[in-house]
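Please look through the structure below before reading the report. Keep it open while you read.

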Amino acid sequence: MAVFIRSVSGVLIILVMIGLGYVLSRRGWFDEQAPKLIARLVTQIALPAYMISTITAKFSAETLKRTLPDLRFPVVSMLIMFGLSILAFHIFRIHPNRRGLFESMFLNSNTVFVGLPVNQALFGEKSLPFVLVYYMANTTFFWTLGVYLIQRDGQAGSKFNLKQTLGKIFSPPLLGFMVGVLLVLLNIQLPNWIMQDFQYVGGLTIPLSMIFIGTAIAGAGLQNVRLDRDSLGILLGRFIIAPVLMALLVLPTGMPILMKQVFILQAAMPVMTNAPVVAKLYHADADYAAIMVTETTLLSLVVIPILMVIVQHVA
């Protein structure tokens, strides 16, 4: 019961901030450009600073060297999820024009805007390296395979741009992670005033991420949320198949219990918030993507406490 209460409390912290973004958006505080601005502030400014300040302050070279090889678990999990997404497409008889988008949303999870705050609320900063290891695999898969699948749905003949894709993979958050790791491994200490700036700016990451999710939900419209074959397949993949698969991969291993818990929770995060943006760019079904972001984000607030209790008992 204590685990469940702690999980619910962690989710309530997140829910209040999401609710704030939703209410302010519905009251007209944000125009159409505001969500884009918030997303850019988080991904290009706040999150890189958060990565550098937290990694250098909380982790040693020995800890990082032990952690990074476990990147293979999310990689293997996503490869299997891709195969299962193809099977699910046929089982749920998804419309052919949505095939790539369905498969991309089935296998990729929202590891930053939702995954990072959730793990931070449940486990604290000690979960950060494990969150970031999963993030490295997830962002690479989304901006390569995921984008290719979405682009395949489009009808405008857009071509896959390798240079642009590499720029997305080596994004400011990942570069911030890499800089933090190098500073730790090379035992380089930046001036205290710079680290203080990184800490203050990085503190914007979680609240701004949650406000962004709230604005995204308001933009998609709760009235558009529905349960049909297209949505049930995504919900099954995100909240049942993905965490079960990850549990089967990590539970038999000797990795730290906290890493197992973080990996399982990260696997069960909602659909990537970038999916509607990419779908719109390539003229795929952006409305379908936006609705699935909304549905999975809202449902994750119910799923996460339940999953947390299960994980505590099996890990």
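## Basis of the model

This is a predicted model, in which local features need pLDDT of at least 70 and side-chain atom pairs count only at pLDDT 80 or more, while totals for chains, interfaces and linings use all residues. Residues are numbered from 1 along each chain as its sequence is written, and side-chain values use heavy atoms, with hydrogens and water left out.

Helices are DSSP runs (H or I, at least four residues), numbered from the N terminus. Helix H9 covers residues 172–185, 14 residues in all, and reaches 20 Å from its first C-alpha to its last. This is close to the expected 20 Å, where the expected span is 1.5 Å times one less than the number of residues. Asn-187, which follows H9, has a positive phi near 55 degrees.

Helix H11 has 16 residues, and its end C-alpha atoms are 22 Å apart, in agreement with the 22 Å it should span. Of these 16 residues, 13 are buried, so H11 is mostly covered.

## The largest nonpolar core

A nonpolar core is a set of buried Ala, Val, Leu, Ile, Met, Phe, Trp, Tyr and Cys residues joined through side-chain atoms within 4.5 Å. The largest one has 94 residues, and Phe-102, Phe-177 and Ile-234 are among those with the most contacts inside it. Helix H7 (residues 128–153) gives the most to this core, with 15 residues.

Contact means heavy atoms within 4.5 Å. Not counting residues up to four places away in sequence, Ile-234 touches residues including Phe-102, Met-105, Val-271 and Tyr-288.

## A buried arginine

Arg-98 sits in the loop between helix H4 (72–91) and helix H5 (99–107). Its relative accessible area is 17%, so Arg-98 is buried. Apart from neighbours within four places in sequence, Arg-98 is in contact with Asp-153, Arg-226, Asp-230, Asp-285 and Tyr-288.

## The second largest pocket

A pocket is an open set of points on a 1 Å grid over the protein atoms alone, where a 1.4 Å probe fits, with protein on both sides within 12 Å along at least five of seven lines; lining residues have an atom within 4 Å of a point. The second largest pocket is lined by 15 residues, and Ser-53, Thr-54, Ala-57, Glu-125 and Gln-199 lie nearest its centre. Helices H2 (34–58), H10 (192–202) and H11 (205–220) each give two or more residues to this lining.

Technical notes:
Buried < 20%, exposed > 50% of the residue type's maximum accessible area, 1.4 Å probe, protein only.
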